[in-house]
Amino acid sequence: MSLLEIENLRLVYANGHEALKSISFKADAGEIIAIIGRSGAGKSTLLRCINGLETITSGKVRVDSDDVAQLTNEGVRQLRRKVGFVWQEYNLVERLSVLTNVLTGRLGHNAERNNVLGYFDRGHRQIAVRSLERVNMLHRANYRADRISGGEKQRVSIARAISQEPKIILADEPVASLDPTLSAQIIGDLAAVAREDKVLTIINIHQIDLALQYVDRLIGLAQGVIVFDGPPTQFNQAAHDRIYNFDRVHI
Ligand code: ADP
């Protein structure tokens, strides 16, 4: 059984819009996958289905053999612990220190009583410090999160995700707000730490050049349908056209 199994996933929003049509794919621990496609193709919706943030219309999403649609509240809590998220706009708590932000990645592992007190023992702190070190951000540990640059914020958010020791990291347009050089460094860092920890990592990304350079597999979405699924070596002009110019080619 694969870590992630998606079978005939369909998602229709309340307004009747069918965002995902019949999505099926499997993914294993350690794979680094880019989801590419035009705006509106369904990339964010797909990530939210994996994290249990959307109620799927039909089909199945299984994470670590659990059927996401059938989870109890406790099951959803455990799912969230297994799945780290990296957002385009970082979602850091701006008035808190960088280190405290990374420690929030440990909330799911900390005793409830200690969370209420904001107490994290030495073991948790060591993991947070090590995570910051891995993305070269330890020198900013005591800065307030609102005092660091966008690229630094995204590194901190990657540190927070890895300190969670997740099985899966989902990154939704993580470099859409950053310049090309910084974007390459950050996708490179994300892919490197994920590969080292054998975390399945799924990145929604617009920059195909970065995807081709850093990931193992690309999944191309067009209008809620997978129109390409393969390694960078198989990605060619025809695949590109199916994903981006589907209204000009016959699928
Ligand atoms: P992408 O991430 O590829 O840009 P999204 O998954 O955000 O695409 O959106 C897919 C489609 O679903 C788009 O047409 C979008 O407008 C629509 N959509 C997204 N969220 C909602 C919602 N909450 N209600 C209705 N339609 C939505």
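This is a predicted model: local features need pLDDT of at least 70, side-chain atom pairs count only at pLDDT 80 or more; totals for chains, interfaces and linings use all residues.

Residues are numbered from 1 along each chain as its sequence is written, and side-chain values use heavy atoms, with hydrogens and water left out.

Ligand. I found 13 residues around the ligand, the closest being G40, G42, K43, S44 and T45 (near means a heavy atom within 4 Å). Helix α1 (residues 43-50) gives the largest share of this shell, four residues; helices are DSSP runs of H or I, at least four residues, and strands are runs of E, at least two. I sorted the shell by class into three nonpolar, seven polar and three charged residues, with Gly counted as polar.

Polar contacts (N or O pairs within 3.5 Å). I read 2.7 Å from a ligand oxygen to a polar backbone atom of G40, and 2.8 Å from a ligand oxygen to one of S44. For T45, an N or O atom of the side chain lies 2.4 Å from a ligand oxygen. On its own the ligand has 560 Å² of accessible area, and the protein covers 63% of that (Shrake-Rupley, 1.4 Å probe).

I looked up the largest pocket, which holds about 370 Å³ of space. Its lining has 16 residues, with R80, V83, G84, T104 and Q164 closest to the centre. The pocket search ran on a 1 Å grid over the protein atoms alone with a 1.4 Å probe; a pocket is an open set with protein on both sides within 12 Å along at least five of seven lines, and lining residues have an atom within 4 Å of a point. I found that α2 (73-82), β6 (83-87) and α6 (150-163) each supply at least two lining residues. By class, the lining is five nonpolar, seven polar and four charged.

Technical notes
A polar contact is a pair of N or O atoms within 3.5 Å; within protein, one must be able to donate a hydrogen and the other to accept it, and residues adjacent in sequence count only if both atoms are side-chain atoms. Grid points are joined across faces, edges and corners, and a volume is the space filled by probe spheres set on the points.
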